[in-house]
Amino acid sequence: MSVFEPHCAGSGRSLPSGKGTRLIILDAGSSQHGLIPGVGLIFESKTNSSDYHDEMNSEHFTEWFRDTLIPRLSPQSVVVMDNAPYHSHLDPESRAPSTGANKPGISAWLDKNNVHYDPKMKKTGLLDLVNQHKPQKKYVIDELAKAHGHVVLRLPPYHCELNPIEMVWSDLKGFVARKNSTYKIKDCKKLFEEAKSHFSAERWAKFETHVVREYEEKLWQIDGLRDKALSPVIIHMTDDETDDSQATIVYCQEGGTDDEEIDMDIVDGYVSDTSDQADVILCKICHDTDPPGRVPKRDRGTHIDWFQCDTCDQWLHNKCCTKPALAQIMCPRCYSLLHHRNLSETLVSPLDDVEQ
């Protein structure tokens, strides 16, 4: 049943299964123009795949960017985009062989770039020469924009929320969903064009303001809190194989010398006042040195994956952290504060005074 109508017996509309062709849409906008007139491209997919990446490739995107978007951009524009594969294809001149290339292909690249090598060298040696002489990466889209006086600004991975057009897509698709009654491709195209006609520059500017206020400024605050929260911490693991949990914690304090070290016990992610025994690093989530769950026999007593939260500098097992938080190198608490709560409260509990 439609999500916009009551879920009562016998009421509402029956939605189709979702199988069939789909529409692929390209567009761009700004706070001055809203959706830029004449830039939009909408076409029907040729397959029933649910992943639009199957048909939106670098060739289609480059043609649209060069022939449709660039001529309609204002002088010295900044084009914000993510790092989708069809946005980031390399210029042929900057491509270099990778580990998947065969030896004749690597040799041909070295000859083309006038790099001397011994024909008897193994593939690993040839790849080392490639890494030493490969040119700086140049993206086709970036070079096209640069040639016309524009700049491409690429968003960091996993941060699509920094692009206002994500909210624009949601707004336009919501309009189509509310008005759609026939579920036919031709009617969906007409509804989408109607949605665009109602979309104003003021609404785009509103989305830009929301992104700056709710996401960009929040990330700046977290970045500043991380710098002020704790002094840098260096952990030197001991060479004693009898106890892998022992470590020396070196707190680098401002104004101190490199020889000053403070050994402290870390319990439950906080620093205690005693230093009678070697320090034990405990996971902030499971409060143990070993990750939860059954450890394969081949991995027992060997390497355990840890990471340090970029915000509060607490240590966690990779296994104890959620995937979204791990992707941004954060503990679940800091990730939650970033995405769901304001930053009026301190992210890191203050450390008690310790005796040197």
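## Two packed helices

Helix 1 (residues 58-69) and helix 4 (residues 140-147) pack at an angle of about 5 degrees, and their axes lie 11 Å apart. Helix 1 is therefore roughly parallel to helix 4, a label given to angles under 35 degrees, while those over 145 count as roughly antiparallel, 65 to 115 as roughly perpendicular and the rest as oblique. The axes are lines fitted to C-alpha atoms, for helices over the stretch in contact, with angles running from 0 to 180 degrees between N-to-C directions. Helices (H or I, at least four residues) and strands (E, at least two) are DSSP runs numbered from the N terminus.

Where the two helices meet, Phe 61, Thr 62, Phe 65 and Arg 66 belong to helix 1, and their partners in helix 4 are Val 140, Ile 141, Leu 144 and Ala 145; contact means heavy atoms within 4.5 Å.

## Basis of the model

This is a predicted model, in which local features need pLDDT of at least 70 and side-chain atom pairs count only at pLDDT 80 or more, whereas totals for chains, interfaces and linings use all residues. Residues are numbered from 1 along each chain as its sequence is written, and side-chain values use heavy atoms, with hydrogens and water left out.

## A nonpolar surface patch

On the surface, a nonpolar patch is formed by Val 78, Val 80, Val 151 and Leu 153, which together have about 330 Å² of accessible area. Strand 5 (78-81) and strand 6 (151-154) each supply at least two residues of this patch. Patches are made of residues with over 30% relative accessible area and no salt bridge, joining like charges within 9 Å and nonpolar side chains (Val, Leu, Ile, Met, Phe, Trp, Tyr) within 5 Å; a salt bridge is a side-chain nitrogen of Lys or Arg within 4 Å of a carboxyl oxygen of Asp or Glu. Accessible areas come from the Shrake-Rupley method with a 1.4 Å probe, and for residues only the protein chains shown count as cover.

Val 80, placed in strand 5, counts as partly exposed at 36% relative accessibility, since buried means under 20% relative accessible area, exposed over 50%, and partly exposed in between (1.4 Å probe, protein chains only).

Phe 307 is found in strand 12 (residues 306-308) and counts as buried at 9% relative accessibility. Leaving aside neighbours within four places in sequence, the contacts of Phe 307 include Trp 315, Leu 326 and Met 330.

Ser 94 lies in the loop between strand 5 and helix 2 (103-112), and with a relative accessible area of 6% Ser 94 is buried.
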